[in-house]
Amino acid sequence: MEYGQEVLGEPGLTGSPFELQTPDPFSAENDAPKDTFHSSFGRLPEKYLRVILGLLGAVVILGAWQICADLKIVNPAFTSRPSAIAIAAKHYFDGGGGIYALKISFIEFGLGFAISLVIGLIIGIVMGWWRWLDYLFDPLVNFGYATPRIALVPLLVVWFGIGTASKVAVVFLSAVFPIMINTISGVKTSDASLLRVAQAFKASNFQIFRTVVLPGAVPSIVTGIRLGIGQGLIGMVVGELIASTAGLGYTIETAGNNFQSALMFVAVAVVAGIGVILTQSLRVVERRLDRWRPRVGN
Amino acid sequence: MVKLRDRKVNVTKKNPGAFAGTSAERLEFLGVGIAYTASRDSKRFQAIANVSFTVEENEFVCVVGPSGCGKSSLMLAAAGLVPISSGAIKIGDTRVDGPGRDRAVVFQSASLLPWRSVLENVIYGLEIMKVDKSDASRRGMDIIKLVGLEGFEGHYPHELSGGMQQRVNLARALVVDPGILLMDEPFASLDAQTREVMQAELLRIWGEMRKSVLFITHQIEEAIFLGDRVIVLSKGPGTVVSKIIDVDFERPRAETIKRSPKFIEIVDEIWNCIRYSSG
């Protein structure tokens with residue numbers, strides 16, 4: 001769309017002296033095309049710039065690391081180096097137990113997070129909608145949220161054993177509270193003026209919930225899910241570090257104990273990579289749900 | 001292209017009359033009193049003391065009064081959203097005791113659902129009434145054309161100016177074909193030029209779809225320009241009707257009447273009434 005080609009004005013009476021053609025300052029249509037990055041880099045499309053700069057930054061850091069290790073500026077036994085990490089990664093996933101560890105961690109996180117999603121959303125919605133339930137369970141929720149999961153891991157191992165089950169429990173306990181708390185908040189803070197519109201149309205409680213409360217709560221819920229992913233991943237790694245027999249955290253623990261710093265970095269990087277993939281996927285979902293929002297900032 | 005999300009809609013035969021074209025209804029306020037109990041100190045606050053007047057079928061009645069006299073409360077009570085403490089509000093022959101499908105409200109702020117497009121917002125009331133989706137969309141498009149927003153049905157509320165949002169607000173109320181239209185200072189948040197455009201638009205739209213209208217405003221000129229009759233309320237609390245003034249200008253109203261001596265006379269009359277009302 002050309003700049004200035006179409007303006008959103010106030011459709012009024014034809015020929016009326018009051019007919020307005022003022023451009024609406026809040027309409028997105030008159031903004032400069034969004035994919036141009038005005039800066040000292042000139043008019044480069046932003047998405048190319050992001051990739052180029054990103055790669056450049058990563059290459060510089062990895063290069064500096066490799067050089068420092070090769071020149072023994074830092075002790076490579078402690079810091080490892082990119083070349084060693086690459087070799088260790090190849091060994092790890094090529095029969096060194098990497099696939100198995102990934103599978104275990106994936107199951108632990110996946111199962112724990114799925115359960116926390118279901119329970120967090122249901123309880124969150126129910127507590128947000130019925131105030132007396134909120135009053136009833138709020139102290140428990142706050143207590144649970146404040147309790148460090150690390151402190152609970154030994155107890156969970158006693159209850160569920162050292163296998164996968166205890167890790168699923170840790171992931172669940174880590175992820176469920178952010179999801180629950182944000183869902184409650186989203187449901188509670190429904191826009192009062194929209195509720196009034198629904199009431200004026202004589203909507204049933206269920207209709208009010210479906211058409212006003214739930215869609216309005218979606219941004220908070222998504223935030224809760226994103227926090228839950230982060231907390232869940234931490235819970236998984238912590239659980240495996242403290243007491244496990246397999247998984248990525250287990251790899252980190254044993255590699256660290258055996259001074260296999262390269263392998264340790266591999267496992268850490270895999271965990272981080274999972275986190276990035278999950279949050280980026282959530283971002284895609286979020287962007288789709290956010291189509292109706294005005295764009296704020298750059 | 002009209003963008004609509006896929007949604008399962010209950011197709012019922014419940015409301016065939018929704019498109020039969022409801023005729024205008026009569027709205028009566030009989031000795032209405034509205035009292036609020038402030039939750040903080042449990043004191044009873046008499047917002048409206050004793051208000052009686054009638055909006056006849058197809059009549060456009062404006063209610064004007066000083067700030068804080070409870071004009072909005074009257075409208076909310078007629079909408080069934082606020083309980084009355086004494087007297088009665090009748091629509092036709094039935095008492096009002098809650099929201100109903102025979103009335104529709106145009107609130108002061110547009111209150112559009114931000115995650116829905118214009119068309120989806122307009123047909124919101126029909127969706128609540130479980131009207132078939134395609135019928136609802138068709139009727140929604142008719143109303144959108146009527147209020148002058150053709151071409152914007154796929155836009156989201158944040159992409160519209162204030163005046164356009166109020167048009168959507170109005171369309172949403174009109175599409176359910178109410179017998180009575182209740183409007184609470186709908187143009188108060190618009191700038192002066194847009195407001196004048198919207199006043200003329202409202203009269204044009206009302207001319208094509210005759211309904212009874214109760215229009216609340218604090219702007220005396222707006223009340224006289226739009227209304228067949230103007231109800232002047234006294235200063236609150238304990239508001240009563242100070243005066244009822246017949247506005248005799250011919251319809252359709254030309255904007256030039258705002259400069260006519262007769263118009264200015266009525267403005268003065270109402271202004272004096274408000275200024276010197278008891279309270």
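This is a predicted model: local features need pLDDT of at least 70, side-chain atom pairs count only at pLDDT 80 or more; totals for chains, interfaces and linings use all residues.
A residue counts as buried here if 20 or more other C-beta atoms lie within 10 Å of its own.

**Chain B as a whole**

Let's step back from that strand for a moment. Chain B has eight helices and 10 strands. Its C-alpha trace spans about 55 × 45 × 35 Å along the principal axes. How does the radius of gyration of chain B sit with that of a compact globule? With 279 residues, such a globule would have a radius near 19 Å, and chain B has 19 Å, so the two agree. Buried residues make up 47% of the 279 residues in chain B. As for contacts between residues at least 6 apart in sequence, 73% of those in chain B join residues at least 24 apart.

**Around strand β8(B)**

Back to β8(B). B:Ser212, B:Leu214 and B:Ile216 point one way from the strand, B:Val213, B:Phe215 and B:Thr217 point the other way, and all are buried. Which strands does β8(B) pair with? One is β3(B), joined to β8(B) by five bridges and running parallel. In that pairing, B:Val64 stands opposite B:Thr217. Another is β7 (residues 180-184) of chain B, again with five bridges to β8(B) and again parallel. There, B:Leu181 stands opposite B:Val213.

| Helix | Residues | Length | Span, first to last C-alpha | Expected span |
|---|---|---|---|---|
| α6(B) | 192-208 | 17 residues | 25 Å | 24 Å |
| α4(B) | 133-146 | 14 residues | 20 Å | 20 Å |

Helix α6(B) ties back to the strands above. Its buried residues pack against β3 (60-64), α5 (162-175), β8 (212-217) and α7 (220-226) of chain B. Those buried residues run from B:Thr194 and B:Arg195 through B:Glu196, B:Val197, B:Met198, B:Gln199, B:Ala200, B:Glu201 and B:Leu202, with B:Trp206 also buried.

Next comes α4(B), where the buried residues are B:Ala136, B:Arg139, B:Gly140, B:Ile143 and B:Ile144. Why do they line one face of the helix? Looking down the axis of α4(B), the buried residues fall within an arc of 145°, so they line one face. An α-helix has 3.6 residues a turn, so residues three or four places apart point the same way. On the other side of α4(B), B:Ser134 and B:Arg138 are exposed. The partners of the buried residues of α4(B) are α2 (118-122), α3 (124-128) and α5 of chain B. After α4(B) comes B:Gly148, with a positive phi near 85°.

**Where chain A meets chain B**

Finally, the two chains touch: 24 residues of chain A are in contact with 26 residues of chain B. On the chain A side, the elements giving two or more residues are α8 (192-200) and α9 (205-242). Which of the elements gives the largest share? That is α8(A), with six residues. By class, the side of chain A that touches chain B has 15 nonpolar, five polar and four charged residues.

Definitions and conventions
Residues are numbered from 1 along each chain as its sequence is written. Chains are lettered from A and ligands numbered from 1 in the order in which they are written. Two residues are in contact if their C-beta atoms, placed from the backbone, lie within 7 Å. Helices (H or I, at least four residues) and strands (E, at least two) are DSSP runs, numbered from the N terminus. Ala, Val, Leu, Ile, Met, Phe, Trp, Tyr, Cys and Pro count as nonpolar, Asp, Glu, Lys and Arg as charged, and the others, Gly among them, as polar. The radius of gyration is taken over C-alpha atoms; the globule rule is 2.2 Å times the number of residues to the power 0.38. A residue is buried if 20 or more other C-beta atoms lie within 10 Å of its own, exposed if 12 or fewer, and partly exposed in between; C-beta atoms are placed from the backbone. The expected span of a helix is 1.5 Å times one less than its number of residues. The arc is that of the directions from the helix axis to the C-beta atoms. Two strands pair if DSSP finds at least two bridges between them.
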